Each structure stands twice: as structure tokens, then as C-alpha cells.
There are 2 protein chains.
Amino acid sequence: MSARRQLSLNFFIYPDDHHEAAWRHRSSAANRILDVTYYQELAQRAEAHKFDAVFFADGPALADNVRYAQRFRLEPITLLTAIASATQRVGLIATASTTYTEPYNLARLFASLDHISSGRAGWNIVTTSTPQAAQNFGLPEHPPHHERYERAREYLDVITRLWDSREDDALVNDPISGVFADTGKIHAINHLGKHFRVRGPLNISRTPQGRPVYVQAGSSDDGRAFAARFAEAIFTAHQTLASAQEFYADIKRQARAFDRSPDQIKILPGISPFIASTQIEADRLQDEFNVLIQPEYSLTQLRQMIGLDLSGFDLDGPFPRHLIDTEGASGVASRFKLVMDIVDREKPTIRQLVQRLAGARGHWVIAGPPEKIADNIQTWFENGAADGFNVMPPWLPGGFDIFAEQVVPILRKRGLFRHDYTGTTLRDHYGLRRPASLFSNLVRAIA
Amino acid sequence: MSARRQLSLNFFIYPDDHHEAAWRHRSSAANRILDVTYYQELAQRAEAHKFDAVFFADGPALADNVRYAQRFRLEPITLLTAIASATQRVGLIATASTTYTEPYNLARLFASLDHISSGRAGWNIVTTSTPQAAQNFGLPEHPPHHERYERAREYLDVITRLWDSREDDALVNDPISGVFADTGKIHAINHLGKHFRVRGPLNISRTPQGRPVYVQAGSSDDGRAFAARFAEAIFTAHQTLASAQEFYADIKRQARAFDRSPDQIKILPGISPFIASTQIEADRLQDEFNVLIQPEYSLTQLRQMIGLDLSGFDLDGPFPRHLIDTEGASGVASRFKLVMDIVDREKPTIRQLVQRLAGARGHWVIAGPPEKIADNIQTWFENGAADGFNVMPPWLPGGFDIFAEQVVPILRKRGLFRHDYTGTTLRDHYGLRRPASLFSNLVRAIA
């Protein structure tokens with residue numbers, strides 16, 4: 001048995017596909033995007049290949065550009081609950097917003113998912129970057145980035161203590177004495193902060209994992225600091241090894257400053273692979289998808305990333321770099337820098353840029369034969385850029401199958417990825433400790 | 001085939017049992033209250049016996065009296081999603097609060113449940129009567145009854161239009177033209193009211209049932225008016241045939257005033273039966289549970305219903321009727337009148353009163369052989385008191401099995417209950433129409 005450090009692999013399921021035009025491709029399953037059995041089958045494939053987790057993005061608003069692309073989705077916590085019933089081991093990570101959900105409600109939903117799945121729940125913590133969401137929740141405007149993160153930090157404090165509010169051994173269940181629970185082990189949290197006032201305790205028992213795994217994906221300064229403090233797994237987008245290495249080193253360094261062990265934070269960049277037996281065929285495959293891109297749609301996607309509408313511009317003209325205010329990015333903070341890096345490095349036309357981004361909304365797109373994909377994964381993994389990857393197939397279901405059947409066996413042969421699960425919970429798969437209740441620590445410290 | 005009017009039967013699953021002391025009884029499954037397979041099995045039994053639906057209560061707070069009774073629970077929407085995966089036909093009704101949940105979030109959760117279950121979702125609309133909830137959601141105090149209902153009415157307007165915001169045929173999914181959706185059939189709702197500002201549209205497609213079934217349980221004047229306007233199924237508590245008849249007639253009359261067809265509102269009183277082969281054995285069975293009652297707990301339950309703490313009083317003394325202010329009930333409105341009716345009719349001691357209420361929190365408790373239970377059900381059903389029943393077994397799982405195996409066959413033999421399902425959705429089971437989208441009506445009306 002090798003004690004070698006192991007890759008973590010998530011399957012990021014995007015309804016329906018990561019490549020923005022894949023729903024138009026003959027291989028697409030776009031007609032099944034609201035069919036729960038489709039997602040149950042995808043998760044079963046991930047489990048058959050021993051992936052750590054399946055992951056779903058989310059946002060509480062309908063995107064504006066629904067004419068040109070599939071933007072409807074099932075709510076991810078319910079969807080993952082349905083997947084929990086159809087799988088036994090694979091982790092289940094749902095995105096939910098600290099800006100637009102009450103902490104008491106969210107604590108209950110994730111605690112239920114963790115109970116129902118016997119300890120496989122993960123929460124991808126987002127502050128929501130879609131400004132349209134504010135209008136669905138009665139806010140005059142979408143709160144600015146810094147304020148959203150301030151609220152998120154307080155939110156984490158509240159929800160963590162809610163999950164800890166009933167100690168693991170609070171249940172007595174003694175029919176003779178008539179005592180059902182030891183109320184000394186059930187704690188009000190009495191939170192009184194700037195954004196929240198929450199008394200608690202939660203009305204559900206402590207969950208198999210203690211708390212769901214905390215996942216995060218921010219890449220701004222606020223996002224990195226937040227991740228270093230709270231996150232146990234980080235999904236991140238990088239186009240180059242150097243960019244990923246810088247991020248990796250920065251997060252692990254910041255984590256140490258919070259007295260956290262760096263090995264308790266798994267950094268998982270996205271990878272969207274076009275795989276074929278030769279490089280030429282892989283490139284051709286990628287082209288098949290890129291010709292289906294609709295510029296009207298791509299430009300709305302780009303506008304969300306950089307805060308600038310290029311609809312009037314010549315697609316084959318140069319990207320108008322001078323119009324971008326580098327300081328005051330009004331787009332998605334985690335993507336703005338990434339796009340500008342591509343622009344500055346490659347000097348693309350607008351069409352080239354949107355094609356570059358169409359693959360996976362700014363994530364690393366790579367085309368080639370299986371060995372090349374495996375080599376790149378190994379290089380990032382062994383050179384301080386990644387603890388694993390968030391696999392984002394350009395199309396589904398076939399794009400996942402090719403990766404799982406052709407790349408995963410190579411990684412396994414090299415001793416980099418598990419042959420079977422060694423634990424039952426998502427914390428087990430990631431190698432994360434189960435946290436003790438903060439309240440039981442408190443009691444111990446006082447005693 | 002008989003075209004006779006048919007009973008609706010729901011199985012109200014209360015974790016763990018409806019009799020407040022049943023968790024202390026040897027037949028109880030109190031050790032499985034957080035085990036999802038327990039609920040999946042119970043729902044499978046309901047389905048095997050062709051029940052219309054399973055139903056779960058809910059509240060976003062932990063009750064104060066957890067020392068003496070099981071008050072922890074899984075969140076019901078996730079729980080029913082897990083049950084959806086383990087069943088094919090039975091309806092799935094979850095309680096959720098209009099006071100403590102954002103309409104956009106709740107619309108998504110129930111729409112997902114309706115998709116995942118292929119059209120079996122029902123929403124039990126509550127305004128939440130537990131004052132502790134306010135403290136979990138940052139409110140200075142629990143909003144008063146009338147204000148909660150005002151908010152609930154606006155909430156229904158918002159959530160109905162969210163569920164209708166994407167017309168049934170909005171999906172185009174045409175890879176050749178590149179048109180995914182017909183944006184002319186996807187509508188912002190632009191709601192601007194006193195309590196909510198919600199733009200929409202919802203980011204999920206219209207559900208199999210159009211909307212989940214609207215269920216309601218209020219019995220106050222506000223509650224009745226709300227139910228008559230919005231509810232498609234009503235759960236209600238009555239101790240006597242006369243009380244149930246008055247309620248039934250009042251609701252159907254009020255519904256006509258809203259231009260609604262009375263047969264589109266199913267009125268389902270609760271019934272909690274102790275069943276044995278003779279009356280003496282059934283009474284003895286009920287006594288077995290009543291001796292397990294803990295007065296400390298019962299008095300907190302009573303306090304919640306009538307707003308008065310009787311802890312200092314002699315349990316075997318008379319109920320202090322003179323201390324009750326009939327006008328200003330601060331307890332649960334739907335229970336206050338019911339308790340006072342018992343007090344005025346039966347002049348019980350405090351102990352007799354709490355035993356009377358221990359069976360099912362004020363619902364109709366009846367003990368006797370199967371024929372007697374069936375006779376009573378038939379009498380209520382055929383004399384303008386009920387369209388069916390919400391079956392609340394005193395203990396689980398055995399209390400349900402006895403009803404299903406001994407009473408249901410009698411009802412079936414009398415032609416009062418289905419031998420098999422004739423449809424697939426909860427609307428089918430209840431005989432409710434699938435509503436058209438309000439927006440498609442609007443378009444038609446204008447055209």
C-alpha cells in the first residue's frame with residue numbers, strides 16, 4: 001500500500017454542460033436538464049469511479065440570457081438529497097448564498113442533507129455575484145462585495161454555532177426516567193451581531209460529520225482571506241500553473257496565520273478537458289463545440305465577468321483594453337483578473353477571447369490525449385498548485401465518461417488516486433477531521 | 001365501478017409519535033427519529049395502502065420542553081425529497097412558514113420537490129405559531145396573528161406568480177436555430193407590495209402539477225378566510241361531529257364567495273385512533289399510553305394552546321376557568337377555542353384535560369374496534385363534516401399498520417376508499433385540477 005499523497009477529484013455537474021454551447025451539440029443531454037434520474041445516474045458514475053464528490057453551482061435568480069442557453073436548474077439541496085438516496089459513498093456539495101438565505105433555515109437544510117446522506121454533505125459558501133438576485137429578495141440593490149463578505153463572516157459564526165448547538169451526546173432517550181434529552185448539552189447560541197440576531201439552538205441533532213464540509217470559491221482579496229479562515233475545500237479558476245501556484249501558496253500561508261493546518265484545506269482548481277486519442281482529434285473536438293457558440297450569448301457572459309458590454313464592437317477586432325478600468329471592476333471579482341491576464345498575455349480578438357472563455361466560464365480548458373491530461377494534472381499536483389481537481393466536462397454525460405475511463409486509470413496506475421473509498425463521509429474522502437462541538441470545548445475549557 | 005364520492009386519507013407522520021408520551025412506550029421507534037430509512041419505510045407503507053399523501057409538520061425553532069419529549073426533526077422538504085426517491089405514487093406534503101422563509105427560496109424548494117417527485121408535492125402553508133421562532137430570525141418579537149396573515153396573503157400572491165412565471169411551453173431547445181427558450185413565455189412578476197418586492201422570474205421551469213397543492217390548517221377567523229381563498233386541502237382539528245360540520249359548511253360557503261368550486265377544497269380533520277378487537281381492549285391500550293404522560297411536559301403543551309401556565313396548580317383540582325380571558329387568547333388560535341369547548345362541556349380536572357389533549361395535541365382521539373372507527377369515519381364523511389381524514393397514529397409504526405390493515409379494508413368494502421391509485425400526481429389523488437399559468441391566461445385575455 002502506498003502512503004503517497006492522494007488527489008481529490010470532484011465532478012462539477014453543470015446543468016446541462018460546462019461548454020456554453022454544448023446544449024446544441026449532438027452529444028448533449030439538454031432534454032434531461034430537469035430530470036432527477038439524469039443527475040442520479042451522473043452521480044452514480046462518479047461514485048463508480050470513486051470520485052470524492054459531485055458539486056452543483058447555484059444562484060437565486062434567472063440569468064438574462066436564457067434565450068440562448070440553458071439556465072434553468074433544480075434547487076441543489078433538494079437535488080442532492082434525491083441523489084443521496086441513489087448513491088452510498090460519493091460526497092454531495094451544494095452551493096448556497098449567505099446573502100440571500102436565513103442562517104437558521106440553511107443550517108436546517110444542510111443538517112438534514114448530512115443526516116440523510118450519512119455524512120456526505122458539503123456547503124459551497126457563496127455571497128452571490130449576480131446582481132439580479134437582489135431584486136428577488138426586496139433589496140434596493142445588490143450589496144457591494146466588501147459588505148457581502150462582512151455579512152458572510154458573521155454568517156459563518158452563526159451557522160457554525162447552530163450546527164454545534166446540540167452536543168453529540170445530548171440524546172438520553174430513557175423511557176424509564178422519562179428523560180428524552182440532556183438539556184445541559186443543548187445550547188442557545190444567543191448571537192447578537194450587526195447582520196444577525198439568532199437565539200438557537202437548532203432543532204435537529206448534531207450531524208454525522210459534525211458540520212458539513214465548508215467549501216468556498218472566492219478569489220478576490222476578501223475571498224482569499226475568507227477561504228483561508230473558513231474553507232476546508234476551495235474551488236478555484238486558473239489558466240496557468242504559475243497563477244495556480246501563487247494562489248495555492250498564498251492560501252496555505254494565510255491559513256497558517258489563522259492557526260490552521262494547511263493539510264486541512266484542499267485546493268481544487270477547475271479543469272475542463274477535451275480528450276481524444278491524438279492532439280489533432282482533441283483540437284477538432286473542441287472546435288466542434290466552439291463553432292456552436294452564439295456571440296450574443298458569449299458577450300453577455302463576458303459582460304458579467306468584466307462589467308463591460310461589447311455588443312457594438314467588431315468581433316474580429318482587438319479587445320478594447322483601454323476601456324477597462326482595472327481598479328473598479330464591477331464584474332465578478334474572481335473572474336476579472338483572470339480575463340485581463342488572458343487579454344494582456346495573448347492579445348486576442350473579441351471572438352478569440354469569448355471562445356477561450358466559452359469552455360468553462362474562465363476555468364482551465366485543455367485539449368489532448370489522455371496521457372497529456374494526466375501529465376498536466378500530475379504536474380499541478382506535485383508542484384504546489386493543487387490538492388486535486390474539480391472536473392468540469394465540456395459536455396455531459398459523455399465528457400465525464402471519457403475522463404473517468406481514460407484519464408483516471410492513468411492517475412491510478414501512477415499511485416495518485418484511490419482504487420476504492422477508505423471511509424464513508426465526505427470528510428473521510430478529503431482527509432478532513434470531524435470537528436468537535438464548540439460548546440463541548442467550552443465546557444471542557446471551563447471545567 | 002362505483003362513481004361514489006371517495007375519501008381522501010393522509011398519513012400524518014409526527015416524529016416520532018402523535019401521543020406525547022408514546023416515545024416511552026415499548027412499541028415506539030423513538031431511536032429512529034433521525035433515520036431517513038424509517039420515514040421512507042413509513043411512506044412506503046402508506047403507498048402500499050393507497051393513501052393520498054404523507055404529511056409532515058414543521059417549525060423553525062426548538063421547543064422549550066425537549067427534556068421530556070422528542071422535539072428534534074429533519075427538515076421536511078429535504079426529508080420528503082428523500083422519500084420521493086423511495087416511492088412512486090404517494091403525495092408528499094411539507095409544512096413551511098410564510099413568516100420565516102423568503103418566497104423566492106421557498107418557491108424553488110417546492111418546485112424542485114414537485115419536479116423530483118413527478119408531481120407529488122404539497123405545501124402546508126403556516127404562519128408559524130411558535131413565538132420562539134422570531135428569535136431565530138432577528139425579529140424583536142413574533143409578529144401578531146393578524147399581521148402574519150396579512151403577510152401570508154401577499155406571500156401567496158408572490159409565490160403563485162413565481163410558480164407561474166415560466167409558462168408550460170416556454171422551452172424551445174432547438175439546437176439548429178440556437179434558441180433555447182421563448183423569452184416571450186418567461187415573465188418577470190414585478191411584485192411591489194407592503195411585505196415583499198420580488199422581480200422574478202423563477203429560475204426553474206413550471207412543475208408537473210403547475211403548482212404544488214396548497215394545504216392549510218388555520219382555524220381562527222383569519223385562518224378560515226385564508227383557507228377559503230387559497231387552500232385546496234385543509235387539515236383541521238375537531239372533537240365533535242357538530243364542530244366539524246360547522247367548520248365544513250363555513251369553509252365551503254366562504255369558498256363560494258371567492259368564486260371557487262367547493263369540490264376543489266378537501267377538508268380533512270385529524271383522527272388519532274386506538275384500535276383493538278374490543279372496546280375494553282382499545283380503552284386499555286389508550287390507558288397504557290396515558291400513564292406514561294409527564295405532567296411537566298403536558299402543562300407546557302397546554303400553555304402553548306391557551307397562553308396560561310398551570311404549573312403551580314393541583315393536577316386533580318378543577319380547571320381554573322375564571323383565569324382565562326376568552327377574548328385575548330395568546331396561545332395558538334386554532335386550539336384555544338377547541339380546548340375551551342372541552343373545558344365548558346366536560347368540566348375536567350387539569351389532569352383529565354391534559355390526558356384528553358395528550359393523544360394528538362387537540363385532535364380527535366377515538367378508541368374502539370375497527371368497525372367503530374370505520375363507522376365514525378363514514379358518519380363524518382357522509383354528513384357534511386369531512387372529505388377525508390388526516391390519520392394520526394398514536395404511536396409509530398404499529399399504530400399506522402393497525403389502521404391500514406384493519407380499518408381501511410372496511411372502508412374499501414363499503415366503497416368509500418380507492419382500491420388503487422387512478423392517477424400519478426397529488427392533484428390526481430385529491431381530484432384537484434391542474435392550474436394554468438396566470439400569465440398564459442393573461443395573454444389569452446388580452447389577445
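Reader: Let's start with Pro201(A). What places Pro201(A) in a loop, and which one is it?

Author: This is a predicted model, and in it Pro201(A) sits in the loop between β8 (197-198) and β9 (213-216) of chain A. The peptide bond leading from Gly200(A) into Pro201(A) is cis, with omega near -5°.

Reader: And what is the peptide bond from Gly200(B) to Pro201(B) like, cis or trans?

Author: That bond is cis, with omega near -5°. Pro201(B) is in the loop between β8 and β9 (213-216) of chain B.

Reader: What makes Asp259(A) stand out in its backbone angles?

Author: Asp259(A) is not a glycine, yet its phi is positive, about 65°. Look for Asp259(A) in the loop between α7 (241-257) and β11 (266-275) of chain A.

Reader: Why is the pairing of Asp52(A) and Arg418(A) called a salt bridge?

Author: The cut-off is 4 Å between a side-chain nitrogen of Lys or Arg and a carboxyl oxygen of Asp or Glu. Asp52(A) and Arg418(A) come in at 3.0 Å, N to O, so the pair qualifies.

Reader: What else meets across the interface of chain B and chain A, and how much area do they bury?

Author: There are 28 residue pairs in polar contact, both partners at pLDDT 80 or more. On the chain B side, α3 (103-116) is among the elements that supply at least two residues, and α3(B) gives the most, with seven. By class, this side of chain B has 34 nonpolar, 22 polar and twelve charged residues. Counting contacts, 68 residues of chain B meet 68 residues of chain A. The two chains bury about 5,800 Å² between them, 58% of it on carbon and sulfur atoms.

Reader: How do you know what Arg151(A) touches, leaving aside its neighbours in sequence?

Author: Contact needs heavy atoms within 4.5 Å. Once neighbours within four places are set aside, Arg151(A) is in contact with Thr98(A), Thr99(A), Thr101(A), His195(A) and Phe196(A). Arg151(A) itself is found in helix α5 of chain A. Thr127(A), 24 residues away in sequence, is 8.6 Å from Arg151(A), C-alpha to C-alpha.

Reader: Which residues of chain A does UniProt list under "binding site"?

Author: An unreviewed UniProt entry lists Asp58(A), Thr95(A), His145(A), Tyr149(A), Ser219(A) and Ser220(A). From this set, the lining of the largest cavity takes in Asp58(A) and Thr95(A). His145(A) is found in helix α5 (residues 145-164) of chain A.

Methods
Residues are numbered from 1 along each chain as its sequence is written. Chains are lettered from A and ligands numbered from 1 in the order in which they are written. This is a predicted model: local features need pLDDT of at least 70, side-chain atom pairs count only at pLDDT 80 or more; totals for chains, interfaces and linings use all residues. Side-chain values use heavy atoms; hydrogens and water are left out. Buried area is the accessible area (1.4 Å probe) that two parts lose on being put together, summed over both. A polar contact is a pair of N or O atoms within 3.5 Å; within protein, one must be able to donate a hydrogen and the other to accept it, and residues adjacent in sequence count only if both atoms are side-chain atoms. Helices (H or I, at least four residues) and strands (E, at least two) are DSSP runs, numbered from the N terminus. Ala, Val, Leu, Ile, Met, Phe, Trp, Tyr, Cys and Pro count as nonpolar, Asp, Glu, Lys and Arg as charged, and the others, Gly among them, as polar. UniProt positions are given in the numbering used here, feature names are shortened, and annotations may be inferred rather than shown by experiment. On a 1 Å grid over the protein atoms alone, a cavity is a set of points where a 1.4 Å probe fits but cannot get out, and a pocket is an open set with protein on both sides within 12 Å along at least five of seven lines; lining residues have an atom within 4 Å of a point.
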